[in-house]
Amino acid sequence: MKTLNDFNFKNKRALIRVDFNVPLNDKFEVTDTTRIVSAKPTIIKILEDGGSCVLMSHLGRPKGVQDEYSLKHIVDAVEEIIEVEVKFAPNCIGEEAEEAAKNLKPGEILLLENLRFHEEEKKGDKDFAEQLSKLGDIYVNDAFGTAHRAHASTTIVAQFFTENKCFGNLLAKEIDSIKKVMETGEKPVLAILGGAKVSSKITIIENILDKVDHLIIGGGMTYTFIKAQGGKIGDSICEDDKMDLALDILKQAKEKNVQIHLPVDVLAADAFSNDANTQVVDVSNIPDGWQGLDCGPRSKANFDEVVNESKTILWNGPLGVFEMENFASGTIELGNSIAEATKKGAFSLVGGGDSVAAVKQFGFQDKVSYVSTGGGAMLESLEGKTLPGIAAILE
Ligand code: AMP
């Protein structure tokens, strides 16, 4: 696996795929700079080597060229964070971009206009990728968030750099964290899967059953498992067509010696609303007209115990409807347990889908070992897929 450390960038131009798909407010100011800050170590390492950086990214989902999606809006924010002047190329390909890239001196940065202003980017067009490849001597992929897409800048462009391509620091860290959980994690290894639906997590569950010792299943997925085993789930969310699959997962887990932990009690509500009436009931005995929206106190205590004994922890998906204050405590207490375990030396990785939003909302991002920067990319990694953006560097 080639990383930045395999290269000396002195007098070289690095063509870096970053993920600067940041949120902007109506004044076109960046409201969350996490992604720019995350790319900083890679950029600084290259500049300190005596190289220069050509940064390319997409922003939003433009239909053709649309000023509101121009990356010119983020030039100031990038300058402020990297603390180096940033030049801007108003088109990511073509003579002007090539000229600007060629004229870059060591220590300088050029930011290219939104890649998705060209439809060829998402199509993975080879000619477009070749034009991008002219802008650098070494290709660096540091965008985990788009590594599951075979787009021109994330995957196809790598073909034009036979030897001279590598992972940036951020992408290397993502790959490393996944490896620490899925391959080399210290036992006991625990995965916690929450979220709304079994159907969206099924491939992950099947893949990780071979890798973990314990699996906590929580959130809305719970009720498909409980009903499949004959429990009464009232009006809780359930995928009836996935009940056989749920039973099969329980069987597979037994065969593979994986201990499954489901909630034993829940906080049930008489409506899907923060103002609903609530009561704690057994997970297998939820009255009609009531639905489980968070885990109950006994479940929280059980989960805390499992988390505490684990040395490697993967967390994907909330344990309840955390967006509503009254049903957030299961997710918050789980976050606290993971923070405690991490403090005691466990490795904890949070990522995929909504988990990052929950972790940020409750301030856990500095209390876990690693928070992944890629939603879909993380989910696909957990499903055991090799992401095209990663494969393209390894080839
Ligand atoms: P996912 O994107 O699959 O991780 O699902 C996250 C969503 O699952 C969040 O929006 C939660 O509100 C939702 N969720 C968690 N627990 C429940 C539940 N018991 N009933 C309904 N939705 C839930």
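A: Here is a quick chat about some local features of this model.

Q: What should I know about the source first?
A: This is a predicted model, where local features need pLDDT of at least 70, side-chain atom pairs count only at pLDDT 80 or more, and totals for chains, interfaces and linings use all residues. Residues are numbered from 1 along each chain as its sequence is written, and side-chain values use heavy atoms, with hydrogens and water left out.

Q: OK, which residues does the cis peptide bond join?
A: Lys-187 and Pro-188, with omega at about -5 degrees. Pro-188 sits in the loop between α6 (169–182) and β7 (189–193); helices (H or I, at least four residues) and strands (E, at least two) are DSSP runs, numbered from the N terminus.

Q: And what's up with phi at Asn-11?
A: Phi there is positive, near 60 degrees, and Asn-11 is not a glycine. Glu-83 also isn't a glycine and has a positive phi of about 65 degrees. Most residues other than glycine have a negative phi, and most peptide bonds are trans.

Q: Where is Glu-83?
A: In the loop between α2 (75–82) and β3 (86–89).

Q: Is Glu-83 buried or exposed?
A: Exposed, at 63% relative accessibility. The cut-offs are under 20% relative accessible area for buried, over 50% for exposed and partly exposed in between (1.4 Å probe, protein chains only). Asn-11 counts as exposed too, at 57%.

Q: Switching to β7: how many of its residues are buried?
A: Five of five. Val-189, Ala-191 and Leu-193 point one way, while Leu-190 and Ile-192 point the other way. In a regular strand the side chains alternate between the two faces of the sheet.

Q: Which strands does β7 pair with?
A: β15 (residues 312–316), parallel, over five bridges, and β8 (residues 214–217), also parallel, over four bridges. Pairing takes at least two bridges found by DSSP between the strands. Ile-192 stands opposite Ile-216 in β8. The chain gets from β7 to β8 through helix α7 (residues 202–208) in a right-handed β-α-β crossover, meaning that with the strands pointing away from the viewer, the path from the first strand over the helix to the second runs clockwise.

Q: Last one: where is Ser-348, and what does it touch?
A: Ser-348 is in strand β16 (residues 347–350) and is buried, at 0% relative accessible area. Leaving out residues up to four places away in sequence, its contacts (heavy atoms within 4.5 Å) include Ile-313, Val-368 and Tyr-370.
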